[in-house]
Amino acid sequence: AKLEGRGGSRMFKSDMGSQVRARRLFDRDLRQAIACGEFQLVYQPQTTIGSGTIVGFEALLRWRHPERGDIPPAMFIPVAEDSGSIVQIGEWALQEACREAAQWTQALSVSVNVSAVQLHHLAFAKLVRDVLEQTRLSPDRLELEITETALIRDLDRALWTLRQLQALGVRIAMDDFGTGYSSLSTLRAFSFDKIKIDRSLVRSVDSNEQAAAIVRAVLGLGRGLGLPVLAEGVETTEELAFLKQECCDEAQGYLIGRPLPIEAYEHIVRLADVS
Ligand code: C2E
Ligand code: CA
Ligand code: CA
Ligand code: CA
């Protein structure tokens, strides 16, 4: 048993070493992926709940790895945040989303996720201004989705950047609401333009009284603050019916539309012929 213990711990150490190496290699691949054109954005529609009209699309990153196949963002974004390569990847995503949205003939909005690391980068507001200028996308068509955890590290600096972004005419949505712990104080510290309720809460509204009560409370909060609320991850007609009954403003989820390359929604955005 003793020998096994020693061997076990040696193995654990070399496992750690190879994990670190694997992570480094993975990050090197990540950095090359932009240059190699391996990233793609897919778009998921966001609709009003009352009439079901599409008001915008959320841009979601996909990594089409030549050998490993599709790697989901949950697997590579944390690595990219750790190493800092999220700054370049996020810049690519912002640029690409604005470039594509500028070609839509309907003035629908595009929502782009912004990681904490990007937000705390000093030049982030300038980057957004430059991208809007280059792509000629009207600022009121861009929405940036920020999670609460993005604000925790250095609240003052984050708020300063968010105010600069709002001054450009860009909207700021609070993402994943209901999963953090400082939601209420953050809502007081900054005037967000929208609240997005996380899908972990939405998923359970029709089966779990606690989840339903929390979603009702968030909707009340939105009304009180004069903020529209979007429910994400809507998968069933029961969930949608609940949200409609509770006067939620907007919805997003597989029931309404999956995240797909923008061409799949061509009939909605009627891509302009730019040739
Ligand atoms: P998120 O911002 O909460 O995005 C919503 C996620 O829920 C997406 O996962 C979407 O595909 C998924 N989803 C939407 N509707 C449904 C539904 O009805 N049921 C279920 N089960 N899932 C649904 P995805 O695309 O895998 O992205 C995961 C997360 O990765 C995102 O969560 C976001 O935090 C992050 N992410 C994605 N793209 C970017 C990006 O460009 N930049 C940054 N910083 N983060 C990104
Ligand atoms: Ca999001
Ligand atoms: Ca979420
Ligand atoms: Ca459900």
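Student: Which residue meets Glu246 in a salt bridge?
Tutor: This is a predicted model. The contact is between side chains, at 3.1 Å from N to O. A salt bridge requires such a pair within 4 Å. The partner of Glu246 is Arg216.

Student: How many residues apart are Glu246 and Arg216?
Tutor: The pair links distant parts of the chain. Glu246 sits in the loop between α11 (237-245) and β9 (250-251). Arg216 belongs to helix α10 (residues 209-225). The separation is 30 residues.

Student: Is Glu246 buried or exposed?
Tutor: Buried means under 20% relative accessible area. Glu246 has 15% relative accessibility.

Student: Which residues do salt bridges with shared partners join into one network?
Tutor: One salt bridge to start from pairs the side chains of Arg171 and Glu143, at 3.2 Å from N to O. Shared partners join salt bridges into one network. Its members are Glu143, Arg171, Lys194 and Glu250.

Student: Where do Arg171 and Glu143 lie?
Tutor: Their side chains meet in a salt bridge. That pair links distant parts of the chain, 28 residues apart. Arg171 is in strand β6, and Glu143 is in strand β5 (residues 142-147).

Student: What is the relative accessible area of Glu143?
Tutor: Arg171 is partly exposed at 24% relative accessibility. Glu143 falls under the 20% cut-off, so Glu143 is buried. Its relative accessible area is 1%.

Student: How many residues apart are Asp27 and Arg31?
Tutor: The side chains of Asp27 and Arg31 meet in a salt bridge at 3.0 Å, N to O. Both residues lie in helix α1 (residues 2-35). Their spacing is about one turn of the helix, 4 residues.

Student: Is Asp27 buried or exposed?
Tutor: Arg31 has a relative accessible area of 42%, so Arg31 is partly exposed. Asp27 has 9% relative accessibility. Under 20% means buried. Asp27 is buried.

Student: How many salt bridges does the count come to?
Tutor: The rule is a side-chain nitrogen of Lys or Arg within 4 Å of a carboxyl oxygen of Asp or Glu. By this rule the count is 13.

Student: Which side chain of opposite charge is nearest to Asp175?
Tutor: Asp175 lies in strand β6 (residues 171-177). Asp175 is buried yet has no salt bridge. The nearest side chain of opposite charge is 4.4 Å away, and the salt-bridge cut-off is 4 Å. That side chain belongs to Lys196.

Student: Which residues does Asp175 touch, not counting residues up to four places away in sequence?
Tutor: Asp175 is buried. Contact means heavy atoms within 4.5 Å. The residues touched are Asn113, Glu145, Ile146, Thr147, Glu148, Lys196 and Glu232.

Student: Which residues does Leu137 touch, not counting residues up to four places away in sequence?
Tutor: Leu137 is in the loop between α5 (124-135) and β5. Leu137 is buried, with a relative accessible area of 3%. The residues touched are Cys98, Ala101, Ala102, Val110, Leu132 and Leu142.

Student: What is the phi of Arg136?
Tutor: Arg136 sits in the loop between α5 and β5. At 75% relative accessibility, Arg136 counts as exposed. Phi is positive in this residue other than glycine, near 60°.

Student: What is the phi of Cys247?
Tutor: Cys247 lies in the loop between α11 and β9. Cys247 is exposed, with 52% relative accessibility. Cys247 is not a glycine, although its phi is positive, at about 65°.

Student: What radius of gyration does the protein chain have?
Tutor: The chain has 12 helices and 9 strands. With 275 residues, a compact globule would have a value near 19 Å. The value for the protein chain agrees with that: 21 Å.

Student: How far apart do the centres of the positive and negative side chains lie?
Tutor: The protein chain has 31 positive side chains and 37 negative ones.

Key. Residues are numbered from 1 along each chain as its sequence is written. Chains are lettered from A and ligands numbered from 1 in the order in which they are written. This is a predicted model: local features need pLDDT of at least 70, side-chain atom pairs count only at pLDDT 80 or more; totals for chains, interfaces and linings use all residues. Side-chain values use heavy atoms; hydrogens and water are left out. Helices (H or I, at least four residues) and strands (E, at least two) are DSSP runs, numbered from the N terminus. Buried means under 20% relative accessible area, exposed over 50%, partly exposed in between (1.4 Å probe, protein chains only). Lys and Arg count as positive and Asp and Glu as negative; His and the chain ends are not counted. The radius of gyration is taken over C-alpha atoms; the globule rule is 2.2 Å times the number of residues to the power 0.38. The place of a charge is taken as NZ of Lys, CZ of Arg, CG of Asp or CD of Glu.
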